[in-house]
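I opened the notebook to record what I looked up in this structure. The entries follow in the order I took them.

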Amino acid sequence: MNKIILSVFLCLFMFVKISAQTTGAIEGTILESNTETPLGNVSISLQNTVIQTISKANGSFKLANVPVGKAIIEIAFEGHQIQKIPVEVKSNKTINLGVIYLELTVLEDQNANLISLSDDDLLDDGDSGADYISGLFQSSKDAFLKAAAFNFSQAWFKVRGYDSSYGAILINGIKMNKLYDGRPQWSDWGGLNDVFRNQEFSNGLATSDNTFGALLGTTNFSTRASKYRAGGKVSITSTNKSYTGRAMATYATGLNDKKWAMVVSASRRIADQGYLNGTSYNAYSAFLATEKKFNKHHSLNFTAILSANRRGKSSPNTQEVYDLKGYKYNAYWGTQGGDKRNARIKEIEEPILMLTHYYQTDNTKITTILGYQFGHIGNSRLGYFNAPNPDPTYWRNLPSSYLRFQDNLDYANAYLAEQNFLNDGQLNWNNLYQVNANTGNSSYYLYEDRVDDNQFSFQSNITSSLSKNSIFNGGISYRNLNSTNYANMLDLLGGTGFEDLDQYAVGDAQQNDLNNPNRTVVANDKFQYNYNINASVASAFAQLQVTQKKIDYFVSLNFKNTNYQREGLYKNGTYATNSFGKSKKLSFSDFNIKGGITYKINGRNLININGGLLSNAPTIRTSFSNSRVNNEITPDLTSEKIISGDISYIFRAPGIQTRLTGYYTKFTNAIETSFFFAEGLRGDQADFVNEITTGVAKKNIGVELSAEYQITSTIKLIAAGSLGQFTYDNNPHLYIQSESFTDENSDFGTAYLKNYKISGTPQRAYSLGFEYRDPAFWWFQANANYMTNNYINISPLLRTNNFYTDADGVPFIDDQTGVAVTQNQVNDLLKQEKFSDAFLVNLVGGKSWRIKSNYIGFFMGINNVLGELFKTGGFEQSRNANYPQLKEDKQLDKPIFGPKYWYGNKTAYYLNVYLRF
């Protein structure tokens, strides 16, 4: 037996020795040629073999077990020219190739151009339901995430059904998500595409060197001046989306002999009218970054960003309105003096200043940032006092209002209303001025909901190599916000003044500010409401990343402390005891943990698992029940809890890249709020109300597929798919707050939402396309996209006991059956609408020419080539808040208070011509 064992060991020893003598290794470091930035995730393979690896984040790589003899190493990275390096491997030797520089392809990067397409999509109104997240995934190299950013986003697709507030957007490590609602304000850096291309992206719960990260992922934009390619670029754009023309210019000096670098960029975007009627657009942007490198360890970078944007909004409409006026109709504008004037203008001007210090040694990097952002956001609208509603789509102005009583069908007036709406159907500015001229005081006026923010930010991060295989990341951050919120009078529309009263209240309750009763307001005065919000967030994170031969893993921890306080500057007449002065100070402490592991079956097959337990403090928006008029705190206020995990199988081979991912996420203790006018409350009451739904649970599960197959050196097949199911997972609690409902009767009990679908996104989306890239530097890509399972946003109020019971709590009697309303009748009436499927074909392509050391080229994209008409979103109106009223309305051929919808653009194009020098 001992001889057998000895023989086995001897054979193994000889085998290992022979193997060691017949193989070698190849190592090196890969940098981007223009910026000398290390490139991670670069594919390094040995031609005609299965031997391959990818570079680390610092650009280094090592290709082991390479057979002795002559071979060719192929280095490939998307957007860069492929490098092929001949080598001769010797037994038991390591070849060090040193630094390998990858050059950008001469062809202008496709994704960088496509980012321009999202200028239109990334403008989140907040009140429109348009909540795009495509900007988060623009730097991703994954086929599915690129499809989500550039193909699915036109239908408001949300990756895994997550709201954009679950994705972290950073500039130089400073988090840019608003403390008000957690969402990034993309317009703050809109129009600066050329200088926002240096991005680091982490998908989902994966690691990020700059922050703990977020559920949806993390994108960090770097504006370090020395990292930009030296040279310039000018471009002009024509499109038929939110703006019609854009001019942009950018120039970077690179790091000069005196160790200074500077980057400047500016753009202008304009439209007298965008894709939808009456939607003007006027924006300008400017950027400056300058860096001084003191020595090999220390560098200081200053960044200034200004993006001022003023644009007309568009209205959601009922189907009756669309059928009469078409799908480009917009109720917010009218003609004045021969010009189109939109009453709903969104204006954003919030400059950003940043000072960043970089410290770096061989093993440690420390980045410290000071940031300051200030400016304003304004959303204008028409107001009216003791006068008819000026909205041309107000229900009394539509034909259906004359056909709502079966025993009194007024066809004559319905016809007149229809003809009047068809022939005009827009805001009548001249009439508003005439009414005010007759009354003296302004019965109609134009005002804006104004937010003036001042935010200071501090961030300091460290990345340190603890050993050859382990890296530590850590950081601390602090943000402090002072936000002033008020109604600002813009235009009295020919009147002499406006008395600051609430037309729906009586007595002292009419006074918007009891400290200044019966005040007459003129242009540029504050009125209606006025308050400050003081908020701060302190956070710290620590992360360990370990890389081994077969297994990589990480664990990350985060602690946050969040504080809010409201200070009322007006003493509201309705809330006289709880509106003026400071509110209770709110404080939330949240602990987060996440981790992941990657098992490398071999060089081509990997399994990746990520999981996290997350806790998010409520936002300012959800913390105060009605912050405009009182200091009330939202009932049942607590942090949202999230449990999430995903598992992926990844296959990588020369010419083939695939990923198959399954995910599960459970949200609990979420809060949802909305404002609307409702009738049929507690039987027969009507009021403008604030709806608060607390303790909301949701469940998001699904599968993602990403696949790319390089058929030839010029042709690539691309496939992506998402099969999801996003539902409410419990029956939360609902409160209604208004002047009519005190604390005693604001509790509307349980909202029966369980198993209803989450709205705002197609829950299933598929894409199939191909790309051709010619060696003569022109390319073409076509994609067919199919999106389905998109649902309307339901009204929680309609799914409470208030809906089918009267003021005494007794179920309503059905007018047809003569007996009490049954649950089946309620369910049938409240069946959630599912939108029709959408099939969209997109085409993109471009060409570039090299003229000496300069490049000239163009890029063109056509979205929805077939002109498909499709709904992107919509919501149920809650005005008919009880069973008899809603049933009566739904039985009409054209419901008066039917759902309101948004439709996607039909065929839209984008053409960009550029010169790079």
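**Aromatic residues**

Which residues form one aromatic cluster with Trp186? I found Trp189, Phe196, Phe221 and Phe287 in that cluster with Trp186. I note at the outset that this is a predicted model.

I then searched the whole structure for aromatic pairs and got 37. I picked out Tyr251 and Phe917. Their ring centres are 6.5 Å apart and their planes make an angle of 25°, so I logged the pair as stacked. The cut-off for stacked is planes under 30 degrees apart. This pair links distant parts of the chain. Tyr251 belongs to strand 13 (residues 245–252), while Phe917 is in the segment after strand 44 (908–916).

**Charges over rings**

I looked for charged side chains over aromatic faces. The charged end of Arg341 sits over the ring of Trp429, 4.2 Å from the ring centre. I also noted Lys526 over the face of Tyr486, with 4.5 Å to the ring centre.

**Asn240**

Where does Asn240 lie? I placed Asn240 in the loop between strand 12 (231–239) and strand 13. Its relative accessible area is 22%, so I call Asn240 partly exposed; buried would need under 20%.

I left aside the neighbours of Asn240 within four places in sequence and listed its contacts: Tyr275, Thr907, Ala908 and Tyr909. For Thr907 the backbone oxygen lies 3.5 Å from one. I also checked Pro392, which is 152 residues from Asn240 in sequence and 26 Å away in space, C-alpha to C-alpha.

I traced an open sheet of 4 strands, in the order 9-8-11-10, with mixed pairing. Strand 9 (174–175) and strand 10 (199–203) are at the edges. Each has a single partner strand, so one side of each lacks a neighbour in the sheet. I followed strand 10 to strand 11 (residues 217–221): the two pair antiparallel over 5 bridges. Within that pairing, Phe201 stands opposite Thr219 in strand 11.

**Strand 42**

I counted 4 of the 5 residues of strand 42 (residues 871–875) as buried, so the strand is largely enclosed by the rest of the structure. Strand 42 pairs with strand 43 (residues 900–903) in the antiparallel sense, over 4 bridges. I found Lys871 opposite Tyr903 in strand 43.

**Helix 9**

Which residues of helix 9 (residues 883–890) are buried? I listed Tyr883, Leu886, Lys887 and Asp889. Looking down the axis of helix 9, I saw these buried residues fall within an arc of 165°, so they line one face of the helix. The general rule is that an α-helix has 3.6 residues a turn, so residues three or four places apart point the same way. What covers the buried residues of helix 9 includes helix 8 (823–829).

Last, I checked the start of helix 9. There a side-chain oxygen of Asn882 comes to within 3.1 Å of the backbone nitrogen of Gln885.

Notes. Residues are numbered from 1 along each chain as its sequence is written. This is a predicted model: local features need pLDDT of at least 70, side-chain atom pairs count only at pLDDT 80 or more; totals for chains, interfaces and linings use all residues. Side-chain values use heavy atoms; hydrogens and water are left out. Buried means under 20% relative accessible area, exposed over 50%, partly exposed in between (1.4 Å probe, protein chains only). The arc is that of the directions from the helix axis to the C-beta atoms. Contact means heavy atoms within 4.5 Å. A polar contact is a pair of N or O atoms within 3.5 Å; within protein, one must be able to donate a hydrogen and the other to accept it, and residues adjacent in sequence count only if both atoms are side-chain atoms. Rings of Phe, Tyr and Trp (its six-membered ring) pair if their centres lie within 6.5 Å; planes under 30 degrees apart count as stacked, over 60 as edge-to-face and the rest as tilted. A charge sits over a ring if NZ of Lys or CZ of Arg is within 6 Å of the ring centre and within 35 degrees of the ring normal. Two strands pair if DSSP finds at least two bridges between them.
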